[in-house]
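Please keep the sequence and the structure in view while reading.

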Amino acid sequence: MTVANLVNIASVKPLFKAGDLTTSAVALIDVDTDDCWKIESIFLCNADTTNSCTADIDVSVDNGSNYYYLTKGLVIPPATTISIIDRPIFMDETDIIRGLASANGDIDWVISGTFMTD
């Protein structure tokens with residue numbers, strides 16, 4: 001396992017992922033070997049028009065051995081979208097972003113950025 005070499009990039013592609021959070025923590029992003037992902041935005045939207053919902057988003061820099069919170073118990077009001085990051089973050093191989101919500105299917109997530117491989 002080595003960090004992707006950004007000097008010798010073989011390809012650069014746009015990255016766009018989306019889905020729903022459940023009450024179980026699931027990987028939203030799992031970076032493959034020899035890859036580097038520049039995450040430029042993470043949005044969470046409470047699609048429920050009546051009830052608030054909470055969300056946890058965390059990251060692992062050691063292939064899932066340890067996780068560190070970007071958000072913990074973040075309350076998202078009904079019919080509201082929240083930006084989680086306001087500056088880009090770089091993820092190298094085997095880094096993971098995962099998330100969960102207090103109610104199945106209430107929180108939609110969107111992640112946008114750049115995918116690079118060497």
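Leaving aside its neighbours within four places in sequence, with which residues is Asn63 in contact? The second point gives the reply.

1. Basis of the note. This is a predicted model, in which local features need pLDDT of at least 70 and side-chain atom pairs count only at pLDDT 80 or more, while totals for chains, interfaces and linings use all residues. Residues are numbered from 1 along each chain as its sequence is written, and side-chain values use heavy atoms, with hydrogens and water left out.

2. Asn63. Apart from neighbours within four places in sequence, Asn63 is in contact with Thr94 and Ile96 (contact means heavy atoms within 4.5 Å). Asn63 sits in the loop between S4 and S5; strands are DSSP runs of E, at least two residues, numbered from the N terminus. Its relative accessibility is 49%, so Asn63 counts as partly exposed (buried is under 20% relative accessible area, exposed over 50%, partly exposed in between, with a 1.4 Å probe and protein chains only). The C-alpha atoms of Asn63 and Val31 are 9.1 Å apart, although 32 residues separate the two along the chain.

3. The sheet. Four strands form an open sheet in the order S2-S8-S4-S5, with antiparallel pairing (two strands pair if DSSP finds at least two bridges between them). S2 and strand S5 (68-76) are at the edges with a single partner strand each, so one side of each has no neighbour in the sheet. S2 and S8 are joined by four bridges, and Ala27 has Arg98 as its bridge partner in S8.

4. Salt bridges. The count comes to three, where a salt bridge is a side-chain nitrogen of Lys or Arg within 4 Å of a carboxyl oxygen of Asp or Glu. Asp58 and Arg98 form one of them, at 2.9 Å from N to O. This pair links distant parts of the chain, with Asp58 in strand S4 and Arg98 in strand S8, 40 residues apart. Asp58 is buried at 5% relative accessibility, whereas Arg98 is partly exposed at 24%. Lys72 and Asp56 form another, with their closest N and O atoms 3.5 Å apart.

5. The core. The largest nonpolar core has 23 residues, and Leu21, Ile39, Leu44 and Ile97 have the most contacts inside it. Such a core is a set of buried Ala, Val, Leu, Ile, Met, Phe, Trp, Tyr and Cys residues joined through side-chain atoms within 4.5 Å.
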